[in-house]
Amino acid sequence: MACKLIQWLKESNRYKHLIGGTLVGLLSDGPYCAAYAAVLTASALEYKDKAHGGAWDWLDWLCTVAGAAIGYGIRALIP
């Protein structure tokens with residue numbers, strides 16, 4: 001199971017989206033800030049891919065946004 005997850009994350013550099021989103025969440029001051037920054041960042045990344053001949057990948061977009069939620073969750077737990 002873990003091997004399939006790692007393989008899925010390597011597909012289309014999803015792990016980079018997850019890590020980047022986590023950093024966005026960790027650096028955000030509030031949940032709305034984290035959500036707003038994550039949606040804008042994910043959309044900009046996907047637009048860049050589409051503008052350079054690629055396709056819009058909703059899974060990459062979701063990995064970035066989910067990473068921000070994880071990052072902000074970690075930040076909220078740290079006093």
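The model is predicted: local features need pLDDT of at least 70, side-chain atom pairs count only at pLDDT 80 or more, and totals for chains, interfaces and linings use all residues. Residues are numbered from 1 along each chain as its sequence is written, and side-chain values use heavy atoms, with hydrogens and water left out. The chain has four helices and zero strands; helices (H or I, at least four residues) and strands (E, at least two) are DSSP runs, numbered from the N terminus.

**Overall layout**
- Along the sequence the pattern reads α-α-α-α.
- The C-alpha trace spans about 40 × 35 × 15 Å along its principal axes.
- Of the 79 residues, 27% are buried (buried means under 20% relative accessible area, exposed over 50%, partly exposed in between, with a 1.4 Å probe and protein chains only).

**Helix packing**
- The axes of α3 (residues 31–51) and α4 come within 9 Å and cross at roughly 155 degrees (axes are lines fitted to C-alpha atoms, for helices over the stretch in contact, and angles run from 0 to 180 degrees between N-to-C directions).
- That angle makes α3 roughly antiparallel to α4 (under 35 degrees counts as roughly parallel, over 145 as roughly antiparallel, 65 to 115 as roughly perpendicular and the rest as oblique).

**Salt bridges**
- The count comes to five salt bridges, each a side-chain nitrogen of Lys or Arg within 4 Å of a carboxyl oxygen of Asp or Glu.
- R14 is buried at 4% relative accessibility and pairs with E11 at 3.4 Å, N to O; E11 is partly exposed at 45%.
- R14 also pairs with D57 at 3.5 Å, N to O.
- R14 lies in helix α2 (residues 14–26) and D57 in the loop between α3 and α4, so this pair ties together parts 43 residues apart in sequence.
- D57 is buried, with a relative accessible area of 19%.
- D29 and R75 form a salt bridge with their closest N and O atoms 3.7 Å apart.
- D29 sits in the loop between α2 and α3 and R75 in helix α4, 46 residues apart.
- D29 is exposed at 67% relative accessibility, while R75 is partly exposed at 35%.
- Shared partners join E11, R14, D57 and D60 into one salt-bridge network.

**Nonpolar surface patch**
- L5, W8, L59 and L62 form a nonpolar patch on the surface, with about 360 Å² of accessible area together (Shrake-Rupley method, 1.4 Å probe; for residues, only the protein chains shown count as cover).
- Patches are made of residues with over 30% relative accessible area and no salt bridge, joined within 9 Å for like charges and within 5 Å for nonpolar side chains (Val, Leu, Ile, Met, Phe, Trp, Tyr).
- Helices α1 (2–10) and α4 (58–77) each supply at least two residues of the patch.
- W8, in helix α1, is partly exposed at 32% relative accessibility.
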